[in-house]
Amino acid sequence: MSEVIVTVRGEQERRVTPEHAVVQLAVRADGPERGPVIERVTALAEPLRDDLVAHQRSGEVVEWSSGRVSVWSERPWNTEGRQLPPVHHASIDVTATFRDFVALSWWIGEVAETDAVQVTDVRWDLSPATRAEVEREVAAEAVQVAVERARAYAGALGLESVSPLEMADAGLLLPHPDRGGPQMMRAMAAESSGPGVALQPADIVVSAAVEARFLAR
């Protein structure tokens, strides 16, 4: 046996300490009249915006955004099956990216004490520059794993060298492209021992997978 084609898969994974925390809030109000409900939810959201502006100026917040007022109505039913007058609801979504996790913990603890404010999500993330750098490094490491596997197979067959023929993201080389992308990043939700006060950042997992064919001689 002088030549053989070897097909391998290379995978690599790295855990990275998060740099950012993205928190999502919902400010809500309801009442029997649409106008006053909108005014109330707008007034409740204003201190949050001012607070985030101050945190951004101090460098604790990277960026933040606030959505428009969402308004909807419903007519509830009582226990006797009678439909009651309309109830109007309004909400404003606020998203903020913190780089200072201590400041985030204190801020969440303060805003969560307001009945009209609900913390809907806390997601850990990396800065765009760090994410791009780690993804490149992990992808290169996955390629190296594929090369080492191909060399191991060739050595087991008594062959001495391997030359690359094809290489692609996982799922693209084989006729089953449903095996997931080559690079995946996920941030686990924060764990909290209280109402959004004690935050425990979870490592972000950056992984890469490639498939390659080599000619072994």
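Of the 217 residues of the protein, 34% count as buried, where buried means under 20% relative accessible area, exposed over 50% and partly exposed in between (1.4 Å probe, protein chains only). This is a predicted model, in which local features need pLDDT of at least 70 and side-chain atom pairs count only at pLDDT 80 or more, while totals for chains, interfaces and linings use all residues. Residues are numbered from 1 along each chain as its sequence is written, and side-chain values use heavy atoms, with hydrogens and water left out.

**Confidence and overall layout**

The mean pLDDT (the predictor's confidence in each residue, from 0 to 100) is 87, and 88% of the residues reach 70 or more. Over residues 176-196, however, the pLDDT is below 50, although this stretch has 51 contacts in the model beyond near neighbours in sequence; a contact means heavy atoms within 4.5 Å. Where pLDDT is low, the predicted coordinates should not be read in detail.

You will find 3 helices and 11 strands here, taken as DSSP runs numbered from the N terminus (helices H or I, at least four residues; strands E, at least two). Their order from the N terminus is β-β-α-β-β-β-α-β-α-β-β-β-β-β. Among contacts between residues at least 6 apart in sequence, 78% join residues at least 24 apart. The accessible surface, from the Shrake-Rupley method with a 1.4 Å probe, comes to about 12600 Å², and carbon and sulfur atoms account for 50% of that surface.

**Two helices**

The expected span of a helix is 1.5 Å times one less than its number of residues.

| Helix | Number of residues | Expected span | End-to-end C-alpha distance |
|---|---|---|---|
| H3 (residues 128-156) | 29 residues | 42 Å | 42 Å |

The buried residues of H1 are Val37, Val41, Ala45, Leu48, Arg49, Leu52 and His55. They pack against strands E2 (20-31), E3 (61-66), E5 (87-98) and E6 (117-125), as well as helix H2 (101-111). Histidine 55 counts as buried because its relative accessibility is 15%. Setting aside neighbours within four places in sequence, histidine 55 is in contact with Glu60, Val61, Phe98 and Trp107. Just after H1 comes glycine 59, with a positive phi of about 90°.

In H3 the buried residues include Thr130, Val134, Val138 and Ala142. Strands E1 (4-16), E7 (162-169) and E11 (204-216) are among the elements that cover the buried residues of H3. Glycine 158 follows H3 and has a positive phi, near 80°.

**Strand E2 and its partners**

With 9 of its 12 residues buried, E2 is largely enclosed by the rest of the structure. Two strands pair if DSSP finds at least two bridges between them. E2 and E5 are antiparallel and pair over 11 bridges, with glycine 31 opposite histidine 88 in E5. E2 also runs antiparallel to E6, joined by 8 bridges, and here valine 23 stands opposite valine 122 in E6.

**Arginine 123**

Arginine 123 is found in strand E6 and counts as partly exposed because its relative accessibility is 36%. Its side chain makes a polar contact of 3.4 Å with the side chain of aspartate 125. Such a contact is a pair of N or O atoms within 3.5 Å; within protein, one must be able to donate a hydrogen and the other to accept it, and residues adjacent in sequence count only if both atoms are side-chain atoms. The C-alpha atoms of arginine 123 and proline 201 are separated by 8.8 Å, with the two residues 78 apart along the chain.
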